[in-house]
Structure formats: structure tokens, C-alpha cells
Amino acid sequence: MQALLWTVAGISALPFALAGEVYMVGLGLASMLLALATCLIAIGILWRRNRARRWAMRLEIACLAGSLLLLLAPIGANHGPVAWMTNVALPVGLIVLLRKPQEAFT
């Protein structure tokens, strides 16, 4: 789900590049590469790879820290329930689900 949200964000940034904001190409491609990495990490988790589980935990902690900084900063970011669900609740839920015992991933 998170990879899908990043893919949609990357695709929706590309029309702005056509309108003259050339830096949006980089942001769109970065979002698409992040979505690809998330898909590859998810495949690694399905194959029960410990390295993929560790990378997923690191990614979710980084996403949660960035989202909390964005929600706390008074820069006009979206503070609605959708932002809270996708930026805070989704990473927290994944962190909780990935904290299984080590025996489950061997």
C-alpha cells in the first residue's frame, strides 16, 4: 500500500514538470524509485529474508520521523486525518507487524 501511494505521488509530480517546474522530474523519479525499493523489500519479506526485514524497519522509522517532523513544522503541511493515516498510522502499523520473533524469519 505504501509503495502504491509513493507511485501515485511520483506520477502526479510529472505533469508539473511539463508545466515548467523542472525540479519536479527529480522528485517524481525519486518517489518512483522509493516505491520500487519498497516493492523489492516487500518481496524480500515474503521470502523471509532477515536483511529485508531490517531494511523495512529502517525505512519505516525514517518515514515516521520525517512525517512527524512535517506534521510538527508550521509550514502549511496537510494535518488532516488522511495525512495522519498515511504518514503516521501506516508506518507505526508496519513497525509493529515487523517486530515478530526472529524465528519467524529464518
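Helix α2, residues 23-46, runs for 24 residues and covers 35 Å from first C-alpha to last, close to the 34 Å expected at 1.5 Å a residue (the expected span being 1.5 Å times one less than the number of residues). The model is a predicted one, so local features need pLDDT of at least 70 and side-chain atom pairs count only at pLDDT 80 or more, while totals for chains, interfaces and linings use all residues. Residues are numbered from 1 along each chain as its sequence is written, and side-chain values use heavy atoms, with hydrogens and water left out.

As for the overall layout, the protein chain has four helices and zero strands, in the order α-α-α-α; helices are DSSP runs of H or I with at least four residues, strands are E runs of at least two, and numbering starts at the N terminus. The C-alpha trace spans about 50 × 25 × 15 Å along its principal axes. Of the 106 residues, 30% count as buried (under 20% relative accessible area, with a 1.4 Å probe and protein chains only).

Back in α2, the buried set is M24, G28, S31, A35, T38, I41 and G44. An α-helix has 3.6 residues a turn, so residues three or four places apart point the same way. The cover over the buried residues of α2 includes α1 (2-18) and α3 (50-72), judged by contacts, meaning heavy atoms within 4.5 Å. Just past the end of α2, R48 takes a positive phi of about 60°.

Then there are the pockets: open sets of points on a 1 Å grid over the protein atoms alone, with protein on both sides within 12 Å along at least five of seven lines, and lining residues having an atom within 4 Å of a point. The largest has a volume of about 360 Å³, and of its 16 lining residues T38, A42, I45, E60 and L94 sit closest to the centre. Each of α1, α2, α3 and α4 (81-98) gives at least two residues to this lining, with α2 supplying the largest share, five. By type, the lining splits into 13 nonpolar, two polar and one charged.

The second largest pocket holds about 250 Å³ of space. Its lining is made up of Q2, L5, W6, A9, C63, S67, T86, N87 and P91; α1, α3 and α4 are the elements that give two or more residues. Here the largest share, four residues, comes from α1.

Note on methods:
Buried < 20%, exposed > 50% of the residue type's maximum accessible area, 1.4 Å probe, protein only. 1 Å grid on protein atoms, 1.4 Å probe; cavity = no way out; pocket = protein on both sides within 12 Å on 5 of 7 lines; lining within 4 Å. Points joined across faces, edges and corners; volume = space filled by probe spheres on them. Nonpolar A, V, L, I, M, F, W, Y, C, P; charged D, E, K, R; others polar.
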